[in-house]
Amino acid sequence: MKRFKGLVLATLAVLTVLAYVPSQSVSAQSAALSINPKKNYLIEPGESVKDKITIRNIDSNDDLNLYLRAVDFTYTNETGTPKLLLDEGTEQTTWSLKPYLKVQENASVAPGKSTSLDISVDIPEGLGAGSYYSAIVYSTTAPEGGNVGLSASGVTLVFVNVPGKVNEDLTITKLGLYDSTKTNGQGYINFTTNDPMNIAYTLKNNGNVVEAPVGSITLKGWFGQQYEITNVNSSNVVALIGQTRTFETCIKTAEAKEDDPSSASKCVSAGLWPGYYSVCLLYTSDAADDLLCVD
């Protein structure tokens, strides 16, 4: 067990990780297109799912003519932004859903109208347990190589979890106070001239299943003040297969206002002092509880 020294900011309560298929179902818009950005399924080997994709033309004057195709995607950095592998010659990913995903190749939607297209996922017998995912790309011109006529938001990400014995291998690589003005995991700090407002942790997913951390964080200040972050991943974001991802959360959030529900996600001062801090994470391994500390 690692020891820590200096002024201790926090002991983090047990942080667990769950195999996860994202469940958000908000609409996304690109050009004249409004779509559902994610589809999520749990499918046993040898079984299939049939579903619909709804496309809405938000242009009130012109028809929307679309070409659809399935492509693989990965990650760009430690954020959740997907990187679409649009080139036809790109090698198929190990988590590719393309061989099992079928969707209509083109569609036409009248101005201001919606249409529904069939989508099916057929998981073959013997396919190993784990997460599989690809994207359905919508373009306004026939795709040539890596070119599409809409921005990257014109996609539906399709996730499938195949149940069974999976390889879960999620490693904590960093944790500590975090400067939210910096990105891509570069914001870790151990000394601050302002009262700290954010904490973060970075996870590396070496397994074969999409995962999301859940749990709570208990922070203890210099004079015994205690703060509890009851949900370390309130947005239900995930670490994709092979991805190193940084998860950031507020030490203290503002109280929700009836006229502004988003206010509950805003960071406010927890009354902590500027200075030097260490952060420790209590976690459960296969052998026993252990403690990871950063000075």
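## A cross-strand tyrosine pair

In strand 15, Tyr188 is the bridge partner of Tyr178. Strands here are DSSP runs of E with at least two residues, numbered from the N terminus. Before going further, please note that this is a predicted model, in which local features need pLDDT of at least 70, side-chain atom pairs count only at pLDDT 80 or more, and totals for chains, interfaces and linings use all residues. Residues are numbered from 1 along each chain as its sequence is written, and side-chain values use heavy atoms, with hydrogens and water left out.

Strand 14 and strand 15 run antiparallel and are joined by 2 bridges; two strands pair if DSSP finds at least two bridges between them. They belong to an open sheet of 4 strands, ordered 15-14-17-21 with antiparallel pairing. Strand 15 and strand 21 are its edge strands, each pairing on one side only.

## Aromatic pairs

How many aromatic pairs does the structure hold? There are 6 aromatic pairs, where rings of Phe, Tyr and Trp (its six-membered ring) pair if their centres lie within 6.5 Å, and planes under 30 degrees apart count as stacked, over 60 as edge-to-face and the rest as tilted. The pair of Tyr133 and Phe159 is tilted, because the planes stand at 35°, with 5.4 Å between the ring centres. Tyr133 sits in strand 12 (residues 130–139) and Phe159 in strand 13 (residues 155–162), so this pair ties together parts that are 26 residues apart in sequence. Both Tyr133 and Phe159 are buried, meaning under 20% relative accessible area, against over 50% for exposed and partly exposed in between (1.4 Å probe, protein chains only).

Tyr178 lies in strand 14 (residues 170–178) and Tyr188 in strand 15 (residues 188–189), so the pair links parts that are 10 residues apart in sequence. Tyr178 has 6% relative accessibility and therefore counts as buried. Elsewhere, ring pairs link Phe73, Trp95, Tyr133 and Phe159 into a cluster.

## Strand 7 and its partners

Strand 7 (residues 64–75) pairs with strand 10 (residues 106–109) in the antiparallel sense over 4 bridges, and Leu66 has Ala107 as its bridge partner in strand 10. Strand 7 also runs antiparallel to strand 12, with 5 bridges joining them; there, Arg69 stands opposite Val137.

A further antiparallel partner is strand 8 (residues 82–85), joined to strand 7 by 4 bridges. Thr74 stands opposite Lys83 in strand 8. Strand 7 and strand 8 form a hairpin with 6 residues between them.

## The largest pocket

The largest pocket has a volume of about 610 Å³. On a 1 Å grid over the protein atoms alone, a pocket is an open set of points where a 1.4 Å probe fits, with protein on both sides within 12 Å along at least five of seven lines; lining residues have an atom within 4 Å of a point. The volume is the space filled by probe spheres set on the points, which are joined across faces, edges and corners. Of the 30 lining residues, Ser234, Phe247, Glu248, Thr249 and Cys250 are the closest to the pocket centre.

Which elements give two or more residues to the lining? They are strand 20 (226–229) and strand 21 (244–250), and strand 21 provides the largest share, 6 residues. Arg245 lies over the face of Phe247, at 5.8 Å from the ring centre; the criterion is NZ of Lys or CZ of Arg within 6 Å of the ring centre and within 35 degrees of the ring normal.
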